[in-house]
Amino acid sequence: MTPARIVLVVALLAYPFVDRALGLQTVHAVSDGMIYMLLALGLNIVVGYAGLLDLGYAAFFAIGAYAMGLLNSPVLGSPLYGHAWSFWLCIWVAAAVSALLGLVIGAPTLRVRGDYLAIITLGFGEIIPVAIRNLGDVTIEIGGWRPIERLNLTGGENGVNPVGRPYLPGVPFETDPIPWYFLILVIGALSVWAMSRLHDSRLGRAWMAIREDETAADCTGVNPVSTKLLAFALGASFSGFAGSVYAAKLQAITPGAFEFQVSIMLLCMVVLGGAGSIRGVILGAMLITIFDRVVLSQTTFLVRWIGRATGVSALASIDLTLWRWFFFGLGLVLVMLLRPQGLAGRRVRPMATEDASDEPAVPELSAPPRLEAVPEWLKARAAAGVDGSDAALDVQGLTKSFGGVVALNAVDLVVPRGAIIGLIGPNGAGKTTFFNVVTGLVRPDAGRITFAGRSLVGLRPNAVVARGIARTFQSIRLFPLMSVLDNVLVGEHCRLASTVAGAVLRPPAVMAEERRARERARALLAFVGLDGKDDDLARNLPYGDQRRLEIARALATEPRLLLLDEPTAGMNPRETDTLTDLIGLLRRELSLSILLIEHDMEVVMGISDRVTVLDYGTRIAEGTPAEIQRHPRVIEAYLGTGYEAEAAGRSAPR
Amino acid sequence: MLELADVHSYYGNIRALRGLSLSVERGEIVTLIGANGAGKTTTLRTILGLVRPRRGHVSFNGQRLDALATDRIVRLGIAQSPEGRHIFPRMSVLENLELGAFARPDRDGIAHDLERVFSLFPRLRERIAQKGGTLSGGEQQMLAISRALMARPGLLLLDEPSMGLSPILVETIFRIIEDINRQGTTILLVEQNARMALRVAHRGYVIQTGRVVLHDTAAALMRSDLVRKTYLGEK
């Protein structure tokens with residue numbers, strides 16, 4: 001433990017007794033503030049980690065509170081009346097019920113993002129308090145017959161009052177705020193502990209990958225459906241704890257305590273402090289709570305005093321607490337203008353490396369790939385993959401049209417194991433669409449796609465990755481605000497096994513798996529020439545490095561077939577040469593099959609075994625590079641007559 | 001026509017340009033050559049006012065640019081086809097092109113230039129009603145260049161125009177660049193394909209770590225050892 005941490009723990013433990021000794025009586029308020037902090041932290045999983053904007057999070061708070069209230073202290077008229085459950089059982093039930101409803105609200109939102117998701121959660125946040133109000137007096141009448149008459153499930157507008165308190169022998173929960181403080185402190189500390197472990201786990205990385213680029217995450221082997229549902233469920237479960245403790249502490253709950261403003265205030269805590277950062281969210285929650293409870297009322301006294309002293313009656317009678325939303329909004333606007341990543345948010349540009357007047361004589365290229373260092377584990381995996389199943393991609397009659405435009409028209413293409421196949425064609429010929437269909441991003445209208453003898457049609461992209469096919473994107477799609485190392489680790493996602501419980505409890509098996517994953521990722525980074533950049537944000541890498549990182553990420557999924565979409569686009573000749581060597585090496589050392597879209601003819605014709613040419617979605621030629629270069633239709637549609645002259649001009653000076 | 005003198009530009013605390021100076025005369029094609037991260041794109045962004053220089057100045061036809069807003073700079077007659085295309089994905093091809101001519105009042109001229117870009121890139125005419133975002137990568141590149149041309153700029157900034165284009169289109173693009181230039185547009189060209197760039201350009205600047213290390217006529221640069229080894233890939 002660091003000294004700072006010891007001081008923090010001592011301070012947290014000593015605080016209520018100091019408060020009592022000094023007669024400050026702030027423990028109640030601080031405990032309430034900690035409950036809101038816990039709520040904000042739960043919301044941070046959904047908004048900060050997974051990037052899913054939730055405007056109705058207070059609904060889960062309500063569900064937690066009512067699960068406690070209704071089970072622990074059933075209202076008069078409820079079927080449970082007279083059968084109270086223990087507080088200690090109820091907090092777990094509340095968390096479970098919240099998590100379950102998290103799944104229910106999460107499920108319909110899986111297909112939508114951004115604005116649409118926010119609207120759905122907003123609706124959910126509105127529905128819950130209304131439902132609670134109306135379930136206080138339920139009468140069902142069917143033609144004069146009333147099977148249910150004036151049934152009171154929730155206490156309606158009056159809510160549940162009183163809510164029973166926890167019972168522990170010898171602990172005065174009824175009269176003393178200090179036991180409450182410690183109860184909430186323990187729950188909060190355990191939650192922070194669990195959350196920070198989740199953040200640094202396979203699941204945490206998957207959440208952030210989804211936040212950064214859902215399509216790329218899917219194509220890297222992360223299942224977006226289960227990953228997002230877990231974010232909703234886990235985020236909601238923490239609010240279940242917070243809500244149930246809140247209900248028992250306050251002893252009374254009403255639907256009015258869970259309105260829209262609560263959701264917004266929690267969201268403000270997350271955004272103000274810095275979405276995604278536990279420290280930031282804690283800071284945001286503290287600032288907003290202190291401002292709300294302390295600063296406004298104290299400033300009111302001050303302003304009134306000044307008003308009285310100077311004789312300005314407008315000031316003497318002011319009540320700043322009525323202006324809380326005004327100041328609140330103003331503060332938020334200022335923070336967003338000055339520090340959009342939040343007060344403790346991660347800096348998205350590197351710190352100043354103020355030159356030291358470095359003047360490299362040659363352009364600062366990053367280290368070239370260390371081609372001798374093909375990671376051993378990857379070799380071992382590749383060797384293990386030779387299990388007789390011939391990892392060939394066989395595509396027959398693939399057809400896809402978008403509206404009236406036929407993007408692919410009965411295309412046949414075979415990539416034998418260990419072959420490099422070039423896929424070329426004019427712009428808009430359907431090459432990238434072909435990749436998208438094979439990787440499951442787009443469903444074909446007709447045709448067969450088999451890989452290693454099994455059909456791929458209908459599989460989601462992450463399932464295709466699990467089968468052993470990885471890809472890169474034409475316009476680089478990394479996870480820009482994640483570290484270089486984490487980008488590669490997301491690639492390993494589908495080859496790792498740790499679960500939620502494993503991520504939090506970290507049994508030895510998970511620890512070992514995580515350590516191995518990091519070793520593998522570092523070996524891959526060294527291989528492509530990115531060692532020493534583990535902690536850089538992907539977005540801060542120069543262009544050529546980003547391309548190589550994308551390849552490292554694809555290799556981390558342990559593919560047997562690699563689809564590369566214009567890997568040398570935007571690279572200078574030197575970088576292109578290194579990349580070409582790298583591709584050749586992957587085939588030679590790892591028996592990887594490679595399908596390559598590329599416009600640099602020197603690359604395509606240099607390393608491809610065979611080349612397929614598409615034009616307007618139709619295959620117009622297939623053959624060896626030499627055959628393709630002479631093919632009249634290819635020259636006419638794609639290469640151009642100047643190509644031969646250009647090729648001649650290029651080889652001449654050598 | 002365009003002059004950059006001792007320009008220092010930063011991204012946050014990163015110094016991207018370290019005292020870069022260059023000039024472009026009316027009627028020229030000038031190319032910037034350099035590795036990824038050398039500062040080529042930053043130079044273009046500084047000219048357009050998307051990045052503000054902390055030191056030095058940028059002037060166009062004698063007028064200082066470095067205090068003007070980007071839309072004002074564009075109205076002075078500078079248009080850019082950006083790297084990474086940045087077309088408007090949910091607008092049609094035609095709407096994208098019309099927005100390129102946003103600052104122009106002359107309806108007839110716009111109609112004429114629309115015909116001109118369609119004859120340069122017949123593929124765009126085929127896709128006229130399609131949404132920009134549904135075009136293939138290469139088609140988006142054509143659209144980005146065409147959109148810049150629609151502003152009928154006096155100075156055209158081209159950032160990696162050949163990226164992602166088929167060989168036949170690369171040739172076409174460079175032919176079009178020469179055509180546009182002959183019709184009176186001055187061009188500042190950033191390219192990875194240094195061979196093609198130097199073939200069409202009159203002069204070139206080699207940029208390393210944010211400053212100019214070499215500048216000369218294109219023909220002379222083609223012969224220089226530094227350029228041949230580093231940027232033309234000759235061994």
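Predicted model: local features only at pLDDT ≥ 70, side-chain atom pairs only at ≥ 80, totals over all residues.
Residues are numbered from 1 along each chain as its sequence is written, while chains are lettered from A and ligands numbered from 1 in the order in which they are written.

Let's start with strand β5 of chain A, residues 420-424. Strands here are DSSP runs of E with at least two residues, helices are runs of H or I with at least four, and both are numbered from the N terminus. Five of the five residues of β5(A) are buried, so the strand is largely enclosed by the rest of the structure. (Buried means 20 or more other C-beta atoms within 10 Å of a residue's own, with C-beta atoms placed from the backbone.) I420(A), G422(A) and I424(A) point one way, I421(A) and L423(A) the other.

What about its partners? Strands pair if DSSP finds at least two bridges between them. β5(A) runs parallel to β10(A), residues 593-597, with four bridges, and I421(A) sits opposite L595(A) there. Four bridges also tie β5(A) to β11(A), residues 610-615, again in parallel; G422(A) has V611(A) as its bridge partner.

Now for chain B, which has ten helices and ten strands. Its radius of gyration is 17 Å, close to the 18 Å that the globule rule gives for 235 residues, so chain B is as compact as a globular protein of that length. (The radius is taken over C-alpha atoms, and the rule is 2.2 Å times the number of residues to the power 0.38.) Buried residues make up 53% of the 235 in chain B.

Methods:
Buried ≥ 20, exposed ≤ 12 C-beta atoms within 10 Å, placed from the backbone.
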